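Please examine the structure shown below, with its sequence at hand. The account that follows is meant to be read alongside it.

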Amino acid sequence: MSKNYFQVIRAGINTTFQDEGRKNLYHVGIPFSGAMDKRNYLLSNKLVGNKMNSPVLEFAYQGPLLKYFGNRIDIAITGDINFKIKKRNTIIDGNCYESLNLENGDEVDILSTNKSVYGYLAIGGQIDLKYQWSSCSTNTKAIIGANDGKKFENEQKIHISKLNNHLVEKKLNYINTKIENIRIIKGTNFDYFSDKGKKIFLENEFIVSKLTDRMGMRLEGPKIENIVDTNIKSEGLVKGVIQVTADGNPIIMLSDHGTIGGYPKIGVVISADYDKLVQISPGSKIKFKQVDLSSAENLFKLYDLETQNLISQIE
Amino acid sequence: MIKNILNLGDAALYCDFGKEINRETNTHVIRYFKSIQKENIISINNLSPSYNKLIISFDLKKTNFKDLKRLIENLDITNEDDLENKKIEVPVCCDENFALDIVRLENKLNLKREKIYENFFSKEFFCYMTGFIAGMPFLGDLSKNMRAKRLETPRVRVPKGSVALTEQFANIYTFESPGGWNVIGNSPLRIFDSSKKENPNLINQGDIVLFKEISKNQYENYNE
């Protein structure tokens with residue numbers, strides 16, 4: 001095996017390999033997957049000089065504790081993360097959005113995500129991973145992708161087959177802004193709900209449930225009354241779709257969502273707000289605001305421009 | 001043919017083929033799906049054909065709803081009946097350890113289990129779509145006297161391989177998964193194989209499926 005590797009001392013709660021995800025497989029039942037928060041994923045790769053579509057480690061809540069063995073290597077962590085770097089004689093509080101180098105025996109201890117959910121660790125080099133359908137994103141439900149389709153486990157290793165050339169230290173001044181308001185477009189079954197139900201959906205606050213994962217975000221709040229049918233004939237789903245189940249609670253489809261669903265679609269989260277949506281942690285409030293299609297398209301252009309601008313600041 | 005194209009959010013087209021759920025409508029959906037697939041349109045991320053809908057999700061950085069809608073409306077859709085309709089035989093063991101809901105189904109349908117199985121095994125099924133979980137086929141149609149609703153409370157874990165019924169459809173759980181369909185048996189056949197890159201699904205849209213009863217002993221010694 002390769003001589004450069006990380007030993008996973010503590011796997012963390014939900015640590016997986018993710019990249020841009022896999023396309024054109026919804027029809028066989030395989031979702032897009034990929035990094036939940038795309039902006040932070042891209043920034044992490046840029047900070048270590050990787051290709052933008054390289055796989056990274058995605059973690060949630062509590063991340064992994066990793067010990068490195070090998071030649072000097074660059075890493076970067078993005079998100080809103082509390083982590084430490086343990087060197088031979090010192091412990092350093094880590095800063096997000098800057099490249100750091102590790103030497104033989106150094107440890108990275110990712111303690112927690114601060115009032116957010118996901119964080120990313122990019123490794124400057126090529127990780128030895130299995131690709132399935134042009135992506136190594138791990139999908140634990142279909143058991144596909146890197147790491148045999150499983151979450152990280154204690155004691156496993158991450159082998160690096162090739163290290164990047166060393167770079168001058170890279171740094172970005174960036175703070176993740178938190179939002180409570182998520183903008184949506186009306187769904188194809190919006191009229192399945194009573195006027196009162198629609199008003200509740202658009203004006204009340206909901207709480208993000210603990211039963212939230214990479215597949216979906218469940219919300220709790222006042223019931224959204226359905227006046228037509230609590231089932232529709234099963235049909236395709238896309239990420240961001242908000243279905244309302246028979247009990248009147250909304251559930252938002254996230255990156256590992258089931259590809260087919262039979263609950264009415266009350267709304268769809270706009271593409272510009274997806275990265276921020278996935279970072280809203282269980283117990284937090286969320287409120288929906290309706291926009292039209294052309295505003296959603298413009299908001300995405302702005303968001304994407306902002307992301308490109310951040311990436312270019314790392315050059 | 002497509003009756004109507006709406007937007008599903010800002011990055012998907014929602015193509016409606018009409019209210020009726022039958023093989024004819026679904027064949028239209030499948031023809032569109034295959035024709036669009038052949039075009040290799042770079043801005044399209046995913047196609048989701050279902051009974052009477054086709055959802056086309058796209059990369060908002062490369063196109064938008066209006067432009068892609070126009071492109072889809074002007075596509076030449078094959079009218080030829082070139083759908084393969086592969087025939088697949090699926091072995092099912094109906095041992096009571098597998099037939100988790102047979103008693104419930106006897107009561108719901110007011111039919112004896114012998115009759116339920118006789119109906120089920122004599123039927124030729126058509127695959128309308130695959131998905132929810134990887135490779136799960138949605139097969140129809142069960143005759144009217146075989147149609148039952150989902151379980152009141154869905155199971156947290158339906159065992160892998162379970163063969164189950166609801167309304168006019170039958171399906172096969174390709175993975176252990178939550179689910180609310182009425183389970184009548186279990187198949188040892190591998191329906192989803194992720195090592196098959198070109199097509200991991202044994203059963204695809206438009207295929208014909210026949211179920212064949214096997215004994216517990218045949219199930220245990222099943223060899224593909």
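Predicted model: local features only at pLDDT ≥ 70, side-chain atom pairs only at ≥ 80, totals over all residues.

Residues are numbered from 1 along each chain as its sequence is written, and chains are lettered from A and ligands numbered from 1 in the order in which they are written. The model has an ipTM of 0.94 and a pTM of 0.94.

The interface between the chains comes next. Contact here means that the C-beta atoms of two residues, placed from the backbone, lie within 7 Å. By that criterion, 39 residues of chain B are in contact with 32 residues of chain A. The elements of chain B that give two or more residues to this side are strand 1 (4–7), strand 2 (12–16), strand 3 (44–49), strand 4 (53–58) and strand 6 (124–130). Helices (H or I, at least four residues) and strands (E, at least two) are DSSP runs, numbered from the N terminus. Strand 3 of chain B gives the most to the side that touches chain A, namely five residues. By class, that side of chain B holds 21 nonpolar, 14 polar and four charged residues; Ala, Val, Leu, Ile, Met, Phe, Trp, Tyr, Cys and Pro count as nonpolar, Asp, Glu, Lys and Arg as charged, and the others, Gly among them, as polar.

Each chain is also divided into domains, with bounds that come from an automatic or database domain assignment. Chain A comprises domain 1 (4–163) and domain 2 (181–311), and the centres of these two domains, taken over C-alpha atoms, are separated by 28 Å. Their contact takes 20 residues from domain 1 of chain A and 15 residues from domain 2 of chain A. On the domain 1 side, helix 1 (residues 38–47) of chain A supplies the largest share, five residues.

In chain B, the division is into domain 1 (4–73) and domain 2 (87–220). The C-alpha centres of these domains of chain B lie 28 Å apart. Six residues from domain 1 of chain B and five residues from domain 2 of chain B make up the contact. Helix 1 (residues 23–39) of chain B provides three residues, the largest share of the domain 1 side.

Within chain A, strand 21 (residues 285–290) runs parallel to strand 13 (residues 181–186), to which four bridges join it. Two strands pair if DSSP finds at least two bridges between them. N181(A) has K287(A) as its bridge partner in strand 21 of chain A. Strand 14 (residues 205–208) of chain A is antiparallel to strand 21 of chain A, with three bridges, and F206(A) is partnered there with I286(A).

Finally, where in chain B does S187(B) lie? S187(B) occupies the loop between strand 12 (182–186) and strand 13 (208–214) of chain B. S187(B) is buried (20 or more other C-beta atoms, placed from the backbone, within 10 Å of its own), because 23 other C-beta atoms lie within 10 Å. Not counting residues up to four places away in sequence, S187(B) touches V90(B), P91(B), V92(B), G161(B), V163(B) and I172(B).

How values were computed. Buried ≥ 20, exposed ≤ 12 C-beta atoms within 10 Å, placed from the backbone.
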